[in-house]
Amino acid sequence: MALTSFSFLCFFTITAGIYYVIPRRFQWMLLLAASLVFYYVSGGWAVLCFLLYGIVITYLAGLTLERVKEGSKRKGLLTGIFVILTLIPLFLLKYVRFFGLSAPFGALAPLGISFYTMSILGYVIDVSWGILPAQRNPFRHALFAAYFPQMTSGPITRYSQMAGQLFAPHAFSYEQIAFGAQRILWGFFKKLVISERLAMAVNLVYDQYPVYQGWYLVVATVCFAFQLYTDFSGCMDIVLGVSQIFGISLPENFTCPYFSRSISEYWRRWHITLGAWFKDYLFYPLQKSGLFIAYLDWSKKRFGKKRGKKLPLYTGMLILWFSVGMWHGGSWNFIVGSGLLHWFYIVSGELFTPLWKRLIALLRINTEVFSWHFFQGLRTFFLVNLGFVFFRAPSLRTALSMLASMGRVFNPRILFDGSLCRLLKPQDWVLAIFSLLILLLVSVLQQRIRIRETLAVQNLAFRWSLYLLLFAAVLIFGCYGGDYDAAAFIYQRF
Amino acid sequence: MTREEIFSGLNQVFQDVFDDEEIRVAEETTAEDIEDWDSLEHINLIVAVERHFGMKFTMGEVTGMKNVGAMADIIEERV
């Protein structure tokens, strides 16, 4: 049941209707029942069994770890066992082929498994660290793991930020429902009007490689950057909007990532909850481990205090970025494109900072003006796009071949001689570019004002004209597939 | 250990980690106030503070500390 499908809209509307009619103390139970139905309808019994396994293991983990003494060896051992037990389904469904083994469940779709596994694993680790008390009610624990709006594509949530909201009674609030509905509509616009339209050009070029070469690949990659952003952030708008209608705030996953002026900043703005998860639950414990502290001592002795402390940091980051890449999928194109390449950018950026600063001083460049910030933004966007070639290409080898083609085949004439109309009809290009300009305008406004709150105080006629215009744009210009169901969200397959 | 002694020790650690003799931390100091105190340097700082005071922060405390005052509270409790 895709989030943009008609069946999901019906399912969600009925659930929301019942949610505000029943006594409030039963609301969380309804959400649990709806979540299990959603997961069963979307994935079937086999996939539901994996979810239930994760719920049972992490529920037992919480109860067990809470009773073990803080800092004891037994606690460390038990935490390790429960972490491995929680990760087993993810390994069997996603990574078994990467390690050269045959997949025991064939092509079973691991719907949202990478997302909910991260959330429930975070719960186990938080209880082990003593941050959280264990949840004693298995059904409440199940709702945290299975809450349906966020299940298929995140955001990856923390128990501490969700528990209070999920189980609390929620009164009917016109404002929350209106804001939620507006956000869903905006998500539909991003997904159906922009992402699905750009996908046609991207799929043509990437699926028919090597028919299209050189600048065709450059154009398709830039289109993919916007397709992926509008797909994933549009999905987040729908997810957060749906959840807001239930009175539950989910964490933001994006804050205008293409405005970033460095790769580090980009990762603070793109898929925020994933980066934060790996930082808190992998990178910090690693850096604080006895092994890394011994490594730090050795490194400082060998390379001096200032340089020596960087080596363990870069090694920890290498493990972090490898894991981020691996999370996207057990194949090298993800590991390189979404992981190691970004590690290389950040580390080389740090290493070359002194040289870069000297060059800036030598050329007397003013770094406090718009033109310099714009250049930094373009540079970051270019680097991110290199990673997207690996992300979108079917294999590492094809990605490298495509990058070589972009450098080798110089055909920028295709930008002006009408060749691009082979990828998309002229009216689709116009619509895509115009929609992207609207997205740019909204993104710029988002940096300065709270758009929905600002709109809410405008006159009724103005507000509703805007909403109806957006609704009409989605209906008329949206790209729908068969049965009016759009293609699945890209991140849903993770 | 008195609060003053803790802050004196923290000043030494911060100056050492961020390589800046001018740094003086206070109860309300946060990562916003020190230019190089980012999420990467945070863990180096934690390890250095642990070493200086001969104590350990739990992982929950590492990610949950709001400011230097909260850090000093934990040190005061442990040493």
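In chain A, helices α1 and α2 are roughly antiparallel to each other, a label given to angles over 145 degrees, whereas angles under 35 degrees count as roughly parallel, 65 to 115 as roughly perpendicular and the rest as oblique. The helices in question are runs assigned by DSSP (H or I, at least four residues; strands are E, at least two) and are numbered from the N terminus. This is a predicted model, in which local features need pLDDT of at least 70 and side-chain atom pairs count only at pLDDT 80 or more, while totals for chains, interfaces and linings use all residues. Residues are numbered from 1 along each chain as its sequence is written, and chains are lettered from A, with ligands numbered from 1, in the order in which they are written.

Two packed helices are described by the angle between their axes and the distance between the axes. For α1(A), residues 6-19, and α2(A), residues 27-67, the angle is about 165° and the axes are 10 Å apart; axes here are lines fitted to C-alpha atoms, for helices over the stretch in contact, and angles run from 0 to 180 degrees between N-to-C directions. The crossing of α1(A) and α2(A) is right-handed, a term for the case where the near helix is turned clockwise from the far one by less than a right angle, anticlockwise being left-handed. On the α1(A) side the contact is made by A:Phe11, A:Thr15, A:Ile18 and A:Tyr19, which meet A:Gln27, A:Leu30, A:Ala34 and A:Phe38 of α2(A); two residues are in contact if their C-beta atoms, placed from the backbone, lie within 7 Å. By class, the residues of this contact are six nonpolar, two polar and no charged, where Ala, Val, Leu, Ile, Met, Phe, Trp, Tyr, Cys and Pro count as nonpolar, Asp, Glu, Lys and Arg as charged, and the others, Gly among them, as polar.

Chain A as a whole is assigned a domain 1 (21-171) and a domain 2 (176-493), with bounds that come from an automatic or database domain assignment. Taken over C-alpha atoms, the centres of domain 1 and domain 2 of chain A are separated by 27 Å, and their contact takes 21 residues from domain 1 and 23 residues from domain 2. On the side of domain 1 of chain A that touches domain 2, at least two residues each come from α3 (73-95), α4 (113-128), α6 (148-151) and α7 (159-166). Of these, α4(A) gives the most, with four residues, and the residues of that side of domain 1 divide into nine nonpolar, ten polar and two charged.

Helix α5(A), residues 138-146, has A:His141, A:Ala142, A:Leu143, A:Phe144, A:Ala145 and A:Ala146 buried; a residue is buried if 20 or more other C-beta atoms lie within 10 Å of its own, exposed if 12 or fewer, and partly exposed in between. The buried residues of α5(A) pack against α2, α4, α6 and α7 of chain A.

Several loops of chain A deserve a separate look. The loop between α2 and α3 holds A:Lys69, which is exposed, with 8 other C-beta atoms within 10 Å; its C-alpha atom is separated by 46 Å from that of A:Glu175, 106 residues apart along the chain. In the loop between α6 and α7 of chain A lies A:Pro155, joined to A:Gly154 by a cis peptide bond with omega of about 5°. Between α9 and α10 (263-269) of chain A, the loop contains A:Cys256, which has a positive phi of about 45° although it is not a glycine and is partly exposed, with 17 other C-beta atoms within 10 Å. A positive phi, near 50°, is also found at A:Arg364, a residue that is exposed, with 6 other C-beta atoms within 10 Å.

Chain A meets chain B through 13 residues of chain A and 13 residues of chain B. Helix α11(A), residues 272-288, gives the most to the side of chain A that touches chain B, with six residues, and that side divides into six nonpolar, two polar and five charged residues. Within chain B, the axes of α1 (residues 3-17) and α2 (residues 39-53) come within 10 Å and cross at roughly 135°, which makes α1(B) oblique to α2(B).
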